[in-house]
Amino acid sequence: MSTDALDRHAPAQSGIDRALGLLDGFREHIEHVQPTLTGLPVLWVRRERIVEILRHLKAPPASFSMLYDLSAVDERLRAHRDGLPAADFTVFYHLLSVDRNEDLIIKVALTGGDPNLPSVTRVFANANWYEREIWDLFGITATGHPHLQRLLMPPTWHGHPLRKDYPARATEFDPYTLTVEGQQTEQEALKFEPEAWGMQRERDGSEFMFLNLGPNHPSAHGAFRIVLQLDGEEIIDCVPDIGYHHRGAEKMAERQTWHSFIPYTDRIDYTGGVMNNLPYVLAVEKLAGIEVPDRVKTVRVMMAEMFRISSHLLFLGTYLQDLGAMSPVFYSFTDRQRAYKVIEGITGFRMHPAWYRIGGLAQDLPVGWQQLVQEFLDWMPPRLREYELAMMKNALVRERTRHVAAFTTTEALEWGVTGPNLRATGCNFDLRKQRPYSGYENFDFEVPLGQHGDVFDRGQLRIEEMRQSLRIIQQCVDHMPAGDYKADHPLTTPPPRERMLQHIETLITHFLQVSWGPVLKPGESLQMVEATKGINSYYLTSDGNNMSYRTRIRTPSFPHLQQIPSLMRGGFVPDMIAHLGSIDFVMADVDR
Amino acid sequence: MPYRLTRAEEEQESSDRYPMGRRQSSEEYVKSQLERNVFTGKLSDVLNSAVNWGRKNSLWPYNFGLSCCYVEMTTAFTSPHDIARFGSEVIRASPRQADFMVIAGTCFIKMAPVIQQLYDQMLEPKWVISMGSCANSGGMYDIYSVVQGVDKFLPVDVYVAGCPPRPEAFLQALQLLQDSIQEERRPLSWVVGDQGVYKAEMGSQREQKRSQRIEATELRTPDKL
Ligand code: SF4
């Protein structure tokens, strides 16, 4: 473990030097350089200068063009803070430079009963929702924010749920009741007030129409609401409203053990299955210092790619359905059924297998898995060809999608867009290539790119990605390494059963590790993966306990939805529906 | 057969809480009719059966999804599972045209008033299937933002266990709903007889299938396909 841990620290050290070099003019405002297991430089800076520092970092030569993540930590109950600046709350900014393939985390310490800091929306446009989120969940005010309102919780909500003194369980509150009066108040509170968003009700004497789309609408892919300001068919402006799917996953992580949180990750991007387990277990393994055997890595890659295909198939069906084609969804769901046959055969479950474990897998591959997977690998290519012929080469689809809702790489980075939607603009940034994890460096595959960043490219690209995933899975089948399906490490959970059966001491250890779960040393770690919809990451803070102190889940769909207004202004309603279909989002991946 | 009676226009006694209407256990009222007059009793029985047969075989679902369970629900609509076999393939995007609503997914506090409104917009006769642990009881989400079971404010007809339930389980729930509709007694007209809605107490599948379940003594080991 030790050499490996050193390896993981090594790039961080040169990264820290580079980061300090870039911030040369701000030396006196850097309070602390925090050593972590994230593999990234983490710098604490003074609150007063945060806007200038971020502006400086965004511009060349630093060119951290993307605000990848922004969130907060309630530090008040944290026991192990050795050397960290005093803070009641910490806000962190995760910056990403695509050009230099480098990241930087900037932290700001806040103290006192009314935590606040300057808003950075004027530097990074996509800070808007993130700052509303930390106001909503932590009660941290971003001064100068254009519209600081609740984002995830209902407008009538009291309190800030991610604060440590806020109860987590629903059963700690009075049982939920809905009265006629309450129903009216809630509905009233959801009413859209154009003035509150600085919108005009009319122009040149003719009134605009305000159309409320959602939170239940067949083409909104779940509980998503967007209010449109219309002049005829033209969208003057629009306001997305989210939070109808907030399941408090981050709070949940603070009460589940490291091990028992795994099933919750499956349900973040619920079409992604075990793809969601991957960043989480990798981050936990970093904290625990576990190095898993090659077999585990390869099986993980194989199953994650299976889910990428199944998720992309769902995308393809609904994307074309949103364009008005009824039958593709029937074809693609037939294929998904085939994929599920493989997934179920191997993991025993269809949608949410929660099959990865800390330091390994739930079980080994079953006897005869090769043939099962091979059947699927042989089935898919002709189907993909057919999709391309019947749909993507179809003149109607082309006319309908070409140059619709197009954006450039610069715009994409400005809004934090990642994954296939970013690559559709021609930007070659795929973490599986750029920062290989779980053994992706050993696979031979290509990263498909688009050119125009329009609805068509986003669809076409995903078909190509499925081909590449099939290629990866084929390599897994052909070269599956032999070996154990669990790492030989004391923190592997659940520990091998054979070890428990020796004497009472081993039995007790086993019992504790299964019932209480493993205890991880204090520290912070982070793992990003190229998930089905974009970059998904887990930023874990351990306080030396059997559960996490703070788990930040950065999901790709959140920024993708935030980008909609900037894209749709001046567009038409049907184009927006086409764009919604092409984003490929699920609400659980937005609201968590 | 014991029934559960819901009266729609019962004058409200202090409570304005959802679910609306008053529920009580009741005996099958057809029996008492029958005792009074053999002929009309029989006739309404036949009529009820005929109407119920029609209702249960053309249930139109409301296209409504909340989260993960909805994916498995839509899977049931596509060709490998083909819900058309049970007469329910006509998905309606408007609650006003739908017969039943499937609460497929987690019921969020922010979403609950919206769900209630959509339910109110559906026309009688209407039914509710609660699909998945989240809708049944909150499931694994005992968390501040989730209602612990949609039956806190909606009357539920069938509960489907699972997280998510398989599409087959959803299809079974649909058939159970059909069975229960066959036994229902609703007013045949606003001038004929009792105006209450009588729903049969169908009993839980868990109880009914217990003996079948414990018969299984050998389970497949997970290391084989
Ligand atoms: S029951 Fe499970 S699958 Fe269904 S919505 Fe809840 S978490 Fe998702």
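UniProt positions are given in the numbering used here, feature names are shortened, and annotations may be inferred rather than shown by experiment. With that in mind, UniProt places the feature "domain: NADH:ubiquinone oxidoreductase-like 20kDa subunit" (unreviewed entry) at residues 68-175 of chain B. The model is predicted, so to speak of local features takes a pLDDT of at least 70 and side-chain atom pairs count only at pLDDT 80 or more, while totals for chains, interfaces and linings use all residues. Residues are numbered from 1 along each chain as its sequence is written, chains are lettered from A and ligands numbered from 1 in the order in which they are written, and side-chain values use heavy atoms, with hydrogens and water left out.

Residues 68-175 are 31% helix and 12% strand, with the end C-alpha atoms 22 Å apart; helices (H or I, at least four residues) and strands (E, at least two) are DSSP runs, numbered from the N terminus. Chain B has an open sheet of 4 strands in the order β3-β4-β5-β6, with parallel pairing (two strands pair if DSSP finds at least two bridges between them). β3 (61-62) and β6 (158-160) of chain B sit at the edges with a single partner strand each, so one side of each has no neighbour in the sheet. Between β4 (residues 100-104) and β5 (residues 127-131) of chain B there are 5 bridges, and Val102(B) stands opposite Ile129(B) in β5(B).

Helix α4 (residues 112-121) of chain B touches β3, β4 and β5 of chain B, its direction making about 165° with that of β4(B). Helix α6 (residues 167-183) of chain B touches β4, β5 and β6 of chain B, at about 150° to β5(B). In the loop between β6 and α6 of chain B lies Pro164(B), joined to Cys163(B) by a cis peptide bond with omega of about -5°.

Val455(A), Arg458(A) and Arg462(A) in α15(A) meet Ala578(A), His579(A), Ser582(A) and Ile583(A) in α20(A).

Chain A has a cis peptide bond too, joining Pro60(A) and Pro61(A), with omega of about 5°. Pro61(A) lies in the loop between α2 (50-58) and β3 (66-74) of chain A.

Key: Contact means heavy atoms within 4.5 Å. Axes are lines fitted to C-alpha atoms, for helices over the stretch in contact, and angles run from 0 to 180 degrees between N-to-C directions.
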